[in-house]
Amino acid sequence: MSNRREFLQTLVAGTACGLAAKSGLSLASGSAMPADFGGAFKSVPKSFEKRALTLEGNWPTDLRGSLYRNSPAMLERNGFQHSHLFDGDGMIQKFSLGDGKVFHQAQMVATDKFLNEEDADRFLYHGLGSSPPNARAARNNDSANPANISVRKMGDKLFALWEAGSAYEIDPENLSTYGRVDWGEDLKHLPFSAHPLRDANGDWWNIGSWIYSGQARTIIYQLDAQAKLKRVKAIPMNQAGYMHAFALSQRFVILVNTAHLYTPGKRYFDSFNFDAKGKTEIVLLDKNDLSVFKTIEIPANFVFHFGNAFEQGEELFISMAEYRNADIMSKGLGLGPHSAFAKEATQYNSDLSVYRINLKNGKWQKQSSQLAMEFPNFRESTPFTVQNLIGMGRPTGTANKADQDYLISYHPLSGEREIYDFGNGFTIEEPLFINGASGQEYVIHSLADRQKSRSGLALFRSGELKAGPIAMAWAEEQFPFGFHGCFVPS
Amino acid sequence: MKITKPCNPFRKSMLTALTLGSVLASTLYPTLSFARQVQTNESQHQLTLLIKGYEQKQGVTYLSLYDNAEDFNSMNGKSIANVQHQIQGDTLSISFNQLSKGEYAISLYHDANNNRKLDRNLLGIPSEQYGFSNDVGAFGPAKFDKASFKLDGDKTVVINLR
């Protein structure tokens with residue numbers, strides 16, 4: 001391992017000096033994306049050197065720390081372009097905040113896949129939705145692991161996360177890759193989702209969805225506050241449904257086993273079929289012994305992301321960005337003319353829904369927000385409290401243009417909402433609640449100004465989204481579109 | 001190279017005994033022959049196995065050769081030959097001489113940490129490399145009808161480890 005670490009650090013030293021020719025991709029400028037979708041992605045470097053961003057507004061002096069984000073950046077090699085956003089190799093972006101300045105740097109995650117493909121100068125494996133020529137058979141779940149969905153700090157370690165394979169540990173300072181993480185000898189190469197959740201006592205929970213080789217089991221990981229494995233158990237599932245994330249309440253690990261069902265196919269996404277006449281199962285696992293407390297059937301749906309869950313008396317509340325089918329995954333995040341990045345993409349709208357479940361009898365009610373809200377986030381320091389969620393998306397009214405993103409706050413019980421409209425041509429990425437040293441709460445997110453081909457940050461005072469950002473920071477160029485990340489205060 | 005217990009990676013029990021005629025082994029190209037295969041000179045064929053894709057250049061490969069579905073598909077089936085061979089590179093070549101015309105299938109695994117077993121993960125799935133003839137077995141133990149091949153002359157079979 002030490003040799004590998006030295007090698008990777010050497011690699012990083014090289015890339016920091018501008019090693020890479022341009023071969024990643026990012027959302028390109030121009031709002032008319034469907035019309036020229038073939039040119040809608042442009043090359044970006046494999047690394048971004050640390051550079052100061054141009055500031056607007058007033059960046060609070062009490063706000064210090066780093067916003068880490070993971071982006072599927074490398075979508076093209078040697079003339080082959082991936083056809084699905086999920087297939088790009090992960091790039092960790094770091095926005096450093098402090099002393100009234102904002103810096104940005106980025107680095108590819110040096111996964112085994114990335115290193116092997118660098119050597120071969122081509123993509124070697126089938127992606128989730130892409131099939132490069134002469135692809136090799138994957139030997140295990142990490143063969144094609146691009147570590148491209150999220151980046152999370154657990155304990156004092158930073159992890160780049162995928163969902164169908166292992167985590168990779170990243171150096172929080174220079175973003176070099178230490179290597180693949182094995183939580184235990186018998187856990188090598190097993191799925192570890194991109195959405196670990198922190199319990200109120202500081203523990204971390206995560207899932208790994210195993211739906212291959214005729215099995216349907218969900219691995220439940222419990223880690224301590226320093227990200228050391230405390231407990232692991234494989235839970236049999238009634239169906240091999242797609243699960244990207246999960247929810248956590250005071251007493252339960254909550255699995256939502258969707259109706260997007262797996263049977264082996266050539267490409268990963270070809271292996272799924274949405275069973276519209278089937279069911280989604282909400283499985284409540286007792287945290288004490290990980291036994292199944294209750295399984296609740298709801299109509300077939302598809303879900304990537306959840307807000308927080310909480311129990312009040314005998315009721316459990318779970319919020320989720322719910323889709324009526326899985327087209328968002330099979331088509332919407334593809335990079336073809338049917339992409340959700342296209343103008344007429346309202347067909348892929350989610351609905352932020354709140355399920356209210358009676359824990360005694362399993363009966364449930366659903367409250368629809370009428371908000372096509374994605375990337376819902378909550379305050380991780382108080383995970384099981386009633387609180388407003390933040391996310392990005394749009395109201396589901398027909399008057400709203402599909403290519404227009406809004407920053408949204410939504411209260412799951414009162415239905416109160418707050419929306420900020422950046423206007424046309426902006427792509428908003430996952431917003432997070434963060435706190436300054438003084439205790440002031442903010443909402444921060446990265447975004448792209450597609451008309452000016454630049455990326456940046458926007459900062460809002462929490463609870464005052466309508467007033468607009470209090471500060472922004474802009475780069476001179478556009479960074480790769482990203483999914484998830486975390487803020488680490490310093 | 002040693003002749004040893006059978007090694008079908010998905011079969012729990014080991015074969016109790018093998019009746020071997022003669023064993024000829026060399027470092028690079030080990031050669032085996034078996035009494036039950038020695039029938040007539042004109043029916044003798046050589047089978048060469050090229051096993052590729054070792055991720056670790058250490059440990060031992062355990063390989064078994066079968067000539068019928070019942071034994072191959074059974075947890076306790078009898079193999080007609082078993083080989084264990086130390087790994088030194090990323091490819092291993094093994095040759096069997098004096099095999100009769102017929103259908104055969106191979107199973108093998110790479111005991112990289114020398115603990116004399118195929119390590120499995122939490123879900124019971126092999127965490128060390130394994131392989132079958134015809135490169136089948138992606139989704140669990142291969143069956144003879146998928147893994148078998150005809151031998152009616154000298155032949156080389158490539159197996160890519162999973």
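**Strands, a sheet and a contact**

Mentor: Gladly! This is a predicted model. Let us start with a pair: seven bridges join β24(A) to β25 of chain A, residues 315-323, and the two run antiparallel.

Trainee: What makes β24(A) and β25(A) a pair?

Mentor: Two strands pair if there are at least two bridges between them. Here seven bridges join β24(A) to β25(A), so they count as paired. Within β25(A), A:Met320 stands opposite A:Phe306.

Trainee: Which strands make up the sheet, and in what order?

Mentor: The order is β24-β25-β26-β27 in chain A, four strands forming an open sheet with antiparallel pairing. From one strand to the next, the twist averages 20 degrees.

Trainee: Why are β24 and β27 of chain A called edge strands?

Mentor: β24 (302-312) and β27 (364-368) of chain A each pair on one side only. That is what the name edge strand stands for here.

Trainee: How many residues does each chain bring to the contact between chain A and chain B?

Mentor: Chain A gives 16 residues and chain B gives eight. On the side of chain A, β16 (217-223) and β17 (229-236) each supply at least two residues. That side divides into eight nonpolar, four polar and four charged residues.

Trainee: And what makes a residue of chain A count as buried?

Mentor: It needs 20 or more other C-beta atoms within 10 Å of its own. Of the 490 residues of chain A, 49% count as buried.

Terms used. Residues are numbered from 1 along each chain as its sequence is written. Chains are lettered from A and ligands numbered from 1 in the order in which they are written. This is a predicted model: local features need pLDDT of at least 70, side-chain atom pairs count only at pLDDT 80 or more; totals for chains, interfaces and linings use all residues. Axes are lines fitted to C-alpha atoms, for helices over the stretch in contact, and angles run from 0 to 180 degrees between N-to-C directions. Two residues are in contact if their C-beta atoms, placed from the backbone, lie within 7 Å. Ala, Val, Leu, Ile, Met, Phe, Trp, Tyr, Cys and Pro count as nonpolar, Asp, Glu, Lys and Arg as charged, and the others, Gly among them, as polar. A residue is buried if 20 or more other C-beta atoms lie within 10 Å of its own, exposed if 12 or fewer, and partly exposed in between; C-beta atoms are placed from the backbone.
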